[in-house]
Amino acid sequence: MSQAGPLPGAALAEDAAEERETLDRENVQEPEQDPLEQPLPVLRPDLVVYKGPRAGDGSPTFTVYDPLSRTYDKIGWAEALLFERMRRPMILGELLKEINEQTSLSLTVEEIVMFARDVDSRGLTMSSGVKDVDELTREAAARETSPMRWLLFHYLYFRVPLIRPDGFLTATLNWIKLLAGRPAWLAYAIFTMIGVVLLIERFDAYVHTFTFFFNFKGIVIYSLAIVAVKVVHEFAHAYVAKGLGVRVPHMGVAFIVMWPVAYCDVTDAWKIADRKKRLLIGAAGMMSETVIAGLALFGWGVTGPGLAH
């Protein structure tokens, strides 16, 4: 007699029981973690927060400098307090209690969570800065492109650094300061006024000098003069920045829609809290060109016909 197998009904019941157990396991939810017990990311120790100028409503502002990307971001008082306190491991509840008890601010859980996610996504935390070799290799390969493809996507604006002038600026700064002192500005003003008087007296002769530039020799001299003026313009930015303690890492040529212009990298001027000093750095180029124009006008007035004239 052959041995009988399991009854079909019993097998179906056994399968149904296993399915119920599987569903029960899937439906079991782990207890939710208290948001206040959530650990916060730790900010990178190399980030620097500089005090900025007052905002329009009188509240303090700050500037965050990321030395890895060499970028500056403007932040408010609340963000600056979070940057100050999130330099060590802590949980959300601890930070929230510390902020609300030790300052006049009243932050919410949602605001701190949004801040933490933002800094982590931008690579400003210790956890976001750690990448394995394979990931870095993939990112480097993704950035590789042909010169023509790179130009296609960057033709609107790109820079070509040519020199690193910071050491030279430091070595020559004291000599250049003689050209920017009060006696020098007084001399510039006197020479300019004399040039204006001579221009008024001989305006017709001045207008006729423009015909000199409508030939090859005149165009070459004019072009060289423009290049020289623009070099002085950029070095004026650089020397004023260096005089205010700002590092000037490089200078070179920038292309705006493929049109070349000189540039001077004074990005570190964002470390200066005084708006007037930052404005002085920005205006230095125009001021130097104004001085050159006044001296050139004086030179035209006191010279006779010829190349210098």
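**View 1. Phe-83 and the residues it touches.** In this predicted model, Phe-83 makes contact with Leu-43, Leu-47, Val-49, Val-64, Ile-75, Phe-115, Val-119 and Leu-124, leaving aside residues up to four places away in sequence. Is Phe-83 buried or exposed? With a relative accessible area of 4%, Phe-83 is buried, since buried means under 20%.

**View 2. The largest nonpolar core.** Let us step back from Phe-83 to the group it belongs to. The largest nonpolar core holds 24 residues, and Leu-40, Phe-83, Met-86 and Leu-95 have the most contacts inside it. Which elements give two or more residues to this core? They are β2 (62–66), α2, α3 (92–102) and α4. The largest share, five residues, comes from α4. Another core lies apart from this one and has 12 residues, among them Ala-238, Val-246, Ala-269 and Ile-281.

View 3. A pair of aromatic rings is described by the distance of the centres and the angle of the planes. The structure holds eight aromatic pairs.

View 4. Where do Phe-235 and Tyr-239 lie? Both are in helix α10 (residues 216–243), four residues apart, which is about one turn of the helix. Tyr-239 is buried, with a relative accessible area of 11%. Ring pairs also bring in Phe-168, giving a cluster of Phe-168, Phe-235 and Tyr-239.

**View 5. Two side chains over ring faces.** Arg-202 lies over the face of Trp-300, 4.8 Å from the ring centre. Which residue lies over the face of Tyr-65? That residue is Lys-271, at 4.9 Å from the ring centre.

View 6. Side chains of opposite charge can pair when their charged atoms come close. The structure holds 13 salt bridges. In one of them, the side chains of Arg-70 and Asp-265 meet at 3.4 Å, N to O. Arg-70 lies in the loop between β2 and β3 (71–75), while Asp-265 lies in the loop between β6 (259–264) and α11 (275–302), so the pair ties together parts that are 195 residues apart in sequence. Arg-70 is partly exposed at 26% relative accessibility, whereas Asp-265 is buried with a relative accessible area of 2%.

**View 7. A salt bridge between a loop and a strand.** Arg-122 and Asp-73 join their side chains in a salt bridge of 2.8 Å, N to O. This pair links distant parts of the chain, 49 residues apart: Arg-122 sits in the loop between α4 and α5 (133–143), and Asp-73 in strand β3. Arg-122 counts as partly exposed at 41% relative accessibility, and Asp-73 is partly exposed with a relative accessible area of 31%.

View 8. Helix α10 returns here with a charged residue. The side chains of Lys-242 and Asp-166 form a salt bridge of 2.8 Å, N to O. Since Lys-242 lies in helix α10 and Asp-166 in helix α7 (residues 166–177), the pair ties together parts that are 76 residues apart in sequence. Lys-242 counts as buried, at 14% relative accessibility. Elsewhere in the chain, which residues are linked in a network of salt bridges? They are Glu-84, Arg-85, Arg-88, Glu-94 and Glu-98.

**View 9. The setting for the close-ups.** The protein has 11 helices and six strands. Of its 309 residues, 26% count as buried. Among contacts with a separation of 6 or more, 62% are between residues 24 or more positions apart.

Key. Residues are numbered from 1 along each chain as its sequence is written. This is a predicted model: local features need pLDDT of at least 70, side-chain atom pairs count only at pLDDT 80 or more; totals for chains, interfaces and linings use all residues. Side-chain values use heavy atoms; hydrogens and water are left out. Rings of Phe, Tyr and Trp (its six-membered ring) pair if their centres lie within 6.5 Å; planes under 30 degrees apart count as stacked, over 60 as edge-to-face and the rest as tilted. Buried means under 20% relative accessible area, exposed over 50%, partly exposed in between (1.4 Å probe, protein chains only). A charge sits over a ring if NZ of Lys or CZ of Arg is within 6 Å of the ring centre and within 35 degrees of the ring normal. A nonpolar core is a set of buried Ala, Val, Leu, Ile, Met, Phe, Trp, Tyr and Cys residues joined through side-chain atoms within 4.5 Å. Contact means heavy atoms within 4.5 Å. A salt bridge is a side-chain nitrogen of Lys or Arg within 4 Å of a carboxyl oxygen of Asp or Glu.
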